[in-house]
Structures are given as C-alpha cells and as structure tokens.
Amino acid sequence: MRSTQQFSITLPNEMAEAVRAKVASGEYATESEVIRDGLRTLLARDRAVEDWLRRDVAAAFDAMKADPSRAVSADRVKARLAAAAKKARARASSAV
C-alpha cells in the first residue's frame, strides 16, 4: 500500500513562482518537497495555536469567570495602548 497520495493543486502565480524559486535555489529538490514543508509548518502553527488556546486563553477565561472584577474595559485597554504607542513614538523621536 502506498504511503503517499497524489494531488493536483492550483496556486496563484506569485505562490507558484515562490515554489519554483525554492527548487531553483537548491533549497528543495522538488516542488512537492516545498509544499510538504509548507504543510508541515502550517500544521505545527495550528498545534501551537491550539496549545496556546488551551493553556493560556482558557486559563484566562476561567480566571475571569471566577472573578469578574479582574476584567478591564475596552476603553481602558485602548487608553493603555494609546499611552504605550505615544511613549514608543517619543522614544523613537528622541533616539534620532
């Protein structure tokens, strides 16, 4: 029994050229290797996101549900982000 399956895929021109360039550079031997490596990377990213959701997001949700007083309003988050951005811009302009 074969351990592989053949697929026919259609890629946008830009992606097809990127695949060809990887092979032409010698980084990969075949177009299939490029696609397999890309799929392995996608699957690894999906696993990492799932792990993060289970570990960090679910824990934060559970903590918030147990103690709603820990919540921060959207306005407060926006204000903190605006202050951090202003501070970063000030640092960048003083470094010049």
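Here are legends for a set of close-up views of a predicted model.

**View 1. Helix 1, from end to end.**
Let's start with helix 1, which covers residues 13–24. This helix has 12 residues, and from its first C-alpha to its last it reaches 16 Å. That is close to the 16 Å expected at 1.5 Å a residue. Just after helix 1, look for Gly 26, where phi is positive at about 90°.

Asn 13 sits in helix 1. Is Asn 13 buried or exposed? With a relative accessible area of 69%, Asn 13 is over the 50% cut-off, so it counts as exposed. Now trace the chain to Arg 2, which is 11 residues from Asn 13 in sequence, and you'll find their C-alpha atoms separated by 31 Å.

Zoom in on Arg 20 and Glu 17, which form a salt bridge. Their closest N and O atoms are 3.6 Å apart. Side chains of opposite charge can pair when their charged atoms come close. Why are these two about one helical turn from each other? Arg 20 and Glu 17 are three residues apart in helix 1, so about one turn separates them. An α-helix has 3.6 residues a turn, so residues three or four places apart point the same way. Arg 20 is partly exposed, at 47% relative accessible area, and Glu 17 is partly exposed too, at 45%.

**View 2. Glu 31 in helix 2.**
Here we move on to helix 2, which runs over residues 31–66 and includes Glu 31. Which residues does Glu 31 touch, leaving out those up to four places away in sequence? They are Val 19 and Val 23. Glu 31 has a relative accessibility of 43%, which lies between the 20% and 50% cut-offs, so this residue is partly exposed.

**View 3. The length and bend of helix 2.**
Where does helix 2 bend by about 35°? The spot to look at is Leu 53.

Five side chains to find here: Phe 7, Ile 9, Leu 11, Met 15 and Ile 35 make a nonpolar surface patch of about 510 Å². One of them, Ile 35, belongs to helix 2. Ile 35 has a relative accessible area of 35%, so it counts as partly exposed.

**View 4. Two salt bridges between chain neighbours.**
How many salt bridges does the structure hold? There are six, and this view picks out two of them. Arg 45 and Asp 46 meet through their side chains in one, at 3.5 Å from N to O. Asp 46 is partly exposed, with 35% relative accessible area. In the other, Arg 55 pairs with Asp 56, and the closest N and O atoms are 3.2 Å apart. Arg 55 is exposed at 52%, whereas Asp 56, at 35%, is partly exposed.

Note on methods
Residues are numbered from 1 along each chain as its sequence is written. This is a predicted model: local features need pLDDT of at least 70, side-chain atom pairs count only at pLDDT 80 or more; totals for chains, interfaces and linings use all residues. Side-chain values use heavy atoms; hydrogens and water are left out. Helices (H or I, at least four residues) and strands (E, at least two) are DSSP runs, numbered from the N terminus. Buried means under 20% relative accessible area, exposed over 50%, partly exposed in between (1.4 Å probe, protein chains only). Contact means heavy atoms within 4.5 Å. The bend at a residue is the angle between axes fitted to the seven residues ending there and the seven starting there. Patches are made of residues with over 30% relative accessible area and no salt bridge: like charges are joined within 9 Å, nonpolar side chains (Val, Leu, Ile, Met, Phe, Trp, Tyr) within 5 Å. Accessible areas come from the Shrake-Rupley method with a 1.4 Å probe; for residues, only the protein chains shown count as cover. A salt bridge is a side-chain nitrogen of Lys or Arg within 4 Å of a carboxyl oxygen of Asp or Glu. The expected span of a helix is 1.5 Å times one less than its number of residues.
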